[in-house]
Amino acid sequence: MITAAEIKQEALRLGFAACGIAQACHLPDDAAQLQAWTTRQFHGEMAYMEHYADKRANPQLLFEGAQSVVVVLLNYTPPRTLNADQPQIAKYAYGADYHFVVKEKLRKLQQFIDARATQRCQICCDSAPVFERRWAERAGLGWIGKSGMLINPDIGSYTLIGELITTLPLACDAPTQNRCGNCTKCLDACPTKALVEAHTLDARHCIAYLTIEKRAPLTDAEKAQCGRQLFGCDACLDACPWNKKSTPHHTPELMPPTDFFELDWAQLSSSQFKKRFRNSPLYRAGFKKIKEMADFIANKTCQGSK
C-alpha cells in the first residue's frame, strides 16, 4: 500500500510547492457560509456559485467512495512583473492557463499512485464544485486569510490549488494555526473596498470580477474603478506581509511569452489575441473585454499626460 509520505514526495518531485492530505468529509459550516454569501447577492452574475451546494460541502457526493483529499499547491510568483505604468495583469495569468498546468501534474501524480495502489480518483482544479481553499487549510497547507485567500507560511498566497479526491484511506495532516493576527493590510489595500469585512468579498465591486467574470458591459465608472488593471487584480495579495517570503517559481508553463512585457495592448488585434492567448487565462475574458479595457486605460493615460 502506498503511503501519504510517498505521495507527498512525488508531488514535490513533479514541481508542486507543497502537498497535504485531508479526510474527505462533510463541511456543513462552509455550505452555510456560501448560502449566506449568495443570499446577499455578493456573487454578482456568477450564478454557478448557487449550484451543487450539497456536492461542494461533501466530496463523497461529488465522488462516490471518496476517503481522502490530496491537496497540492503550485507557486506562481513571477520572476519579473509588469512595470507600474503598464496595463496590469494578475500574476497568475502571465503564462499558460493554470487549469491545464495543475491538472497535467495531477494526472502524473495519479499515474504514480495507480502503479502502486488500487484506487479511483477525481482530479480537480477550479473546475469542480469543491471548497478548494478550505481543503488546503484542512490538509495543513496554510490558513484562509482575511482576504479569503489561502496563505502558506513558507510560500505565501501566490499559489494555485489542485486536488486529487481518492478512494484511498491515507494518513491526514493537521490544520495549521491562523497567523494573520490583527493585520488588516489586505482589507485596507482593496482599491474598491470589495472586501467589506474580514473573509467577506462583495464580488460585484471586485476588480477581478469586473475585468474577468462580469458579462454585462462595464460602465465608465466601473472601468475607472479598475484603474490600470486590464485583467484581474493582485492588490490584496501584494499587500500581504506573508508574500514578502515568496520566491519566483520555476514552472516553464507559467512563464510569460517572450514579448509579454513589451506588448502594446491597445494595438492588439482579435487575430493576434487568439494566437497569443488561446491557452492563457486571458482567453476567458475574451478579446472584446480585454480590448475595451485596454482602450480605456490608453485613453486615460493620454488624457493624464496632457
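**View 1. K291 and D295 sit about one helical turn apart in helix 13**. Helix 13 covers residues 287-305, and the two residues are four apart within it. K291 and D295 form a salt bridge, with their closest N and O atoms 3.4 Å apart. (A salt bridge is a side-chain nitrogen of Lys or Arg within 4 Å of a carboxyl oxygen of Asp or Glu. Helices are DSSP runs of H or I of at least four residues, strands are E runs of at least two, and both are numbered from the N terminus.) K291 is partly exposed at 22% relative accessible area. D295 is partly exposed at 28%. (Buried means under 20% relative accessible area, exposed over 50%, and partly exposed in between, using a 1.4 Å probe and protein chains only.) The model is predicted: local features need pLDDT of at least 70, side-chain atom pairs count only at pLDDT 80 or more, and totals for chains, interfaces and linings use all residues. Residues are numbered from 1 along each chain as its sequence is written, and side-chain values use heavy atoms, with hydrogens and water left out.

**View 2. R134 forms a salt bridge with D30**. Their closest N and O atoms are 2.5 Å apart. R134 lies in helix 6 (residues 132-138) and D30 in helix 2 (residues 28-39), so the pair ties together parts 104 residues apart in sequence. D30 counts as buried, at 12% relative accessibility. The structure holds 15 salt bridges.

View 3. R107 is partly exposed, at 37% relative accessible area. E104 is partly exposed, also at 37%.

**View 4. Strand 2 is covered on both faces**. Eight of its eight residues, 68-75, are buried. S68, V70, V72 and L74 lie on one side; V69, V71, L73 and N75 lie on the other. Strand 1 (residues 18-23) runs antiparallel to strand 2, joined by six bridges. (Two strands pair if DSSP finds at least two bridges between them.) A18 stands opposite L73. Strand 7 (residues 159-166) also pairs with strand 2 in the antiparallel sense, over eight bridges. There, V71 stands opposite E163.
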